[in-house]
Amino acid sequence: MAKILKKEVLTPQIKLMVIDAPWVARKARPGQFVVLRINEQGERIPLTIADFDLQEETVTIIFQEVGKTTMVLGDLEEGDEILDFIGPLGKEIEEKYFGHVVCVGGGVGIAPTYPKARAFKEKGNRVTSIIGARSSNLLFWEEEMRRVSDELFVTTDDGTYGEKGFVTQVLERVLNKDKVDLVVAVGPVIMMKMTSLLTEKYSIPTLVSLNPIMVDGTGMCGCCRVTVGGKCKFTCVDGPVFDGHQVDFDELMARQRIYLEEEKRALDAWLMETEKEGAPYHVY
Amino acid sequence: MSTERPSRPKMPQRPPEERIKDFNEVPLGLSEEVAVAEARRCIQCKKPTCIEGCPVEIDIPGFIKLLSQGELDGAIAKIKEKNSLPAICGRVCPQEDQCESKCILGRRGQPVAIGYLERFLADYEREKGVKAPSLPPPRDKKVAVIGSGPAGLTCAGDLARMGYKVTIFEALHAPGGVLVYGIPEFRLPKAIVAQEVDYVQSLGVELKVSRVIGKTFTLDDLKDEGYQAFFIGTGAGLPYFLEVPGENLNGIYSANEFLTRSNLMKAYLFPRYDTPLKVGQSVAVIGGGNVAMDSARTALRLGAKEVCLVYRRTKKEMPARIEEVERAEEEGVNCIILTNPVRFLGNENGWVTGIECIQMELGEPDESGRRRPVPVPGSEFVIPIDTVVVAIGQGPNPLLLETIPGLQLNRRGYIAADAETGATSLAGVFAGGDIVTGAATVISAMGAGKRSAQAIDRFFTDSNSFPEWRQ
């Protein structure tokens, strides 16, 4: 059991929770994730760790309500408990000095970008961050990102805030005018794919953090398998961070859609049961 | 000598057409009358060979004699001297390869149905309610058991009965290991596993679920918390894939994923339970072991119209229990033998649509003693399917192992451990079950857990034991 100490509504669909989980906080490093299960009937879902606090022994998660599980989670309040909170899982990113690191966060992927940007900053890297969302009401943690970046750019697809367009546009500009040693991209698969295609042209090493469907998160089931450099890797134990130039993003996108139908069924049944207004449903 | 001996009873089971509609248990168990009659068939050999066939050396003639005299409580107590999980073993042990294969009666006729009798007695006791035995005075030593499968549960239970303070750490959210995520409800009801786990807890064993040793805590963290000995029983938890083209297409699962979704996550109760499991009309299961049978029979129960098993050798070489192959076939599973997948075919949306296979023939025996299957050139053909379960075995999960510096592994990547004690290369660290032997049986894992419990006791009480660790 892990108690929700703090809940913050970042945008109507994106929520932050600070979880009392000393066993995860003590070991957590940037890049790692947790698997959680809300209740006895619940599924196990992976969420990348957005922040962790050794003193308070807490872990921060940020999630977008896209299906039943994230909506049920979003309905929990401070003081409520999550039945299983497992981690930290996966490998951490390599925290070292590269020079100039560009961190690109898209949508809810801004959250896991934050601890990586902070870690790179702490290692003395010059950090440029680019964050983007479909619309201003999906954007969050601008200030947090600014604090750990030397320079921050903000985009929205619809132009309701910051620069209109995609994060890749800004990234291309940065690559054209500046020497970049490493790009780190976290967000929707399509955004990580476009980022990786772009940086490949410039031959800039690029790390992406994948978020495929998982069950156990400990290498036992192989549900999260992904092709990296022509080889089959398990995201949960070999990743979640991989070389973006080696990842088969199209396969990953197909695999993320395996349960689209069932996810919709579960969501509809739950919305009916709780008589909630349906939120716009989408899966990246 | 009597000439009219009764014959071995058949296990009553639910008819196939009824049982494939649900996940309830298939065999129904013997009645007391039939069990006692079967016990009387045992000739009580002076030198019983059946015991040799039992990895935990149950006093088989002993318990059967008590049963034949109608002393059910005494009989189950006799089993429990050696085996703390009889309701499980009575269901999933391959008795035909173990105790029953050594039964003298089997030479001329049918061996005594030892497994059925064990199951009968365990169920008798379970229905009555199991009482925890009285425990010796507690000892001031803490032992950490990693993994709550058959090896870990047995080791923890035995140590607790000696008075040690034991904590089991389980990575998943439910205890039982393969007994809960792997073996389906229709073969091993989860209520039985839960009762066995409760029993171990009633002995004072502390159980911590959702704690991944190697990630959440390292072995050194546990040492800092005062644990002085360790038993690693994490199982062989890394699914093998065929490594042929198209294997990451949608609709292709490892048996681990398929069974974990269904068993542990209860996907068969979706959407009441949140975890889905997509099963199409036509399912192919690759493999010929018990896990393959479990997957095929699960697929039928989840609504598949057609289920086939694709196996590269013949039925004779299948590692699955004959009983399980028979039950699968009764339920309509079609065995396609001497066939090996070459690649998976898919549609434009990334879903599997077929398996290109090649026919095999049996060549010379390989190192396992089974004749090696070799492909017949030019014999490729396609099996159209929409779902595949790959059940070709598993290897050692490196997640924990790579976080224990100095732990010696064998050439297959499993933990190198003494066969008798489970002692590893690290002082105070023992290991047993599939993480040492590779995928084997529930009972052999239990046997290993049991031997390690005794070895851990010696480690604590005999300062001359394990000299290699004490320099």
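I started with the area between chains B and A: they bury about 3,600 Å², 54% of it on carbon and sulfur atoms (accessible area, 1.4 Å probe, that two parts lose on being put together, summed over both). B:Lys215, B:Asn248 and B:Asp274 supply 19% of what chain B buries against chain A, more than any other three residues.

Notes on the source: this is a predicted model, where local features need pLDDT of at least 70, side-chain atom pairs count only at pLDDT 80 or more, and totals for chains, interfaces and linings use all residues. Residues are numbered from 1 along each chain as its sequence is written, chains are lettered from A and ligands numbered from 1 in the order in which they are written, and side-chain values use heavy atoms, with hydrogens and water left out.

Next I looked up contacts (heavy atoms within 4.5 Å): 43 residues of chain B meet 44 of chain A.

I then checked salt bridges (a side-chain nitrogen of Lys or Arg within 4 Å of a carboxyl oxygen of Asp or Glu). Chains B and A have 4; one of them joins A:Lys68 to B:Asp274, with the closest N and O atoms 2.6 Å apart.

Last, I turned to chain A, which is divided into domain 1 (2-89) and domain 2 (100-256), bounds that come from an automatic or database domain assignment. Their centres, taken over C-alpha atoms, are 21 Å apart. The salt bridge count here is 1; A:Asp51 pairs with A:Arg118 in a salt bridge, closest N and O atoms 2.9 Å apart.
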